Amino acid sequence: MKINMQATTILGYKKDGVAVIGGDGQVTFGHTVLKGNATKIRTLYNGKVLAGFAGSTADAFILFDMFEDNLQKRKGDLVKSVVDFAKAWRKDKYLRRLEAMMIVLNPDHIFILSGNGDVVEPQDKELAAIGSGGNYAISAARALAKHSNLSPEELVKESLNIAADLCIYTNHNIKILKLEKE
């Protein structure tokens with residue numbers, strides 16, 4: 001029997017040479033909170049790429065490792081790495097069953113990588129969100145980006161707090177990572 005998992009909120013934002021990713025810490029199984037302080041974001045490729053996941057934790061760790069291998073092979077080229085990663089994800093029967101999504105970004109690019117092996121560059125090329133509270137977070141972020149002077153870190157944190165107020169699978173234990181263009 002497959003359990004319907006609801007999982008987390010991750011928000012990525014890049015603007016003016018700064019990339020920020022944030023995520024909440026709640027881990028749920030069905031309607032039960034298992035943990036409230038998980039870390040679902042990390043830096044990759046010697047701190048030059050940010051990544052976050054929503055979905056199965058074990059699956060996400062496999063995908064993080066696989067994606068970092070692609071970054072190493074491509075010497076940190078994010079665009080080529082996401083294309084290679086998507087090809088491998090789609091071709092591998094085992095990987096196609098993994099239940100996770102990722103956001104990867106640096107100060108120049110932002111992508112959503114789906115469990116189907118899709119690579120999506122958001123239309124506005126600045127904001128991406130995944131997880132149960134993703135639509136709440138991205139809506140808040142778009143409004144805040146348009147009508148406030150918040151720093152990228154503040155914007156991501158405030159947007160995730162708004163999502164946590166609305167989504168029962170998202171909490172206020174928010175972690176943020178930031179990269180600046182070299």
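A nonpolar core is a set of buried Ala, Val, Leu, Ile, Met, Phe, Trp, Tyr and Cys residues joined through side-chain atoms within 4.5 Å, where buried means under 20% relative accessible area (1.4 Å probe, protein chains only). The model is predicted, with local features needing pLDDT of at least 70, side-chain atom pairs counting only at pLDDT 80 or more, and totals for chains, interfaces and linings using all residues. Residues are numbered from 1 along each chain as its sequence is written, and side-chain values use heavy atoms, without hydrogens and water.

**View A. The largest nonpolar core, of 21 residues.** Phe-67, Leu-78, Phe-85, Met-102, Val-104 and Leu-113 have the most contacts inside this core. At least two core residues come from each of β6 (49-55), α1 (57-73), α2 (78-91), β7 (100-105) and β8 (110-113); helices (H or I, at least four residues) and strands (E, at least two) are DSSP runs, numbered from the N terminus. With six residues, α1 supplies the largest share.

**View B. Surroundings of Val-104.** Beyond its neighbours within four places in sequence, Val-104 is in contact (heavy atoms within 4.5 Å) with Leu-50, Ala-51, Phe-67, Leu-78, Val-82, His-109, Ile-110, Phe-111 and Leu-113.

**View C. The open sheet of five strands.** The strand order is β5-β6-β7-β8-β9, with antiparallel pairing; two strands pair if DSSP finds at least two bridges between them. β5 (41-44) and β9 (119-120) are the edge strands, each pairing on one side only. Between the antiparallel strands β6 and β7 there are six bridges, and Gly-55 lies opposite Ala-100 in β7.

How values were computed
Buried < 20%, exposed > 50% of the residue type's maximum accessible area, 1.4 Å probe, protein only.
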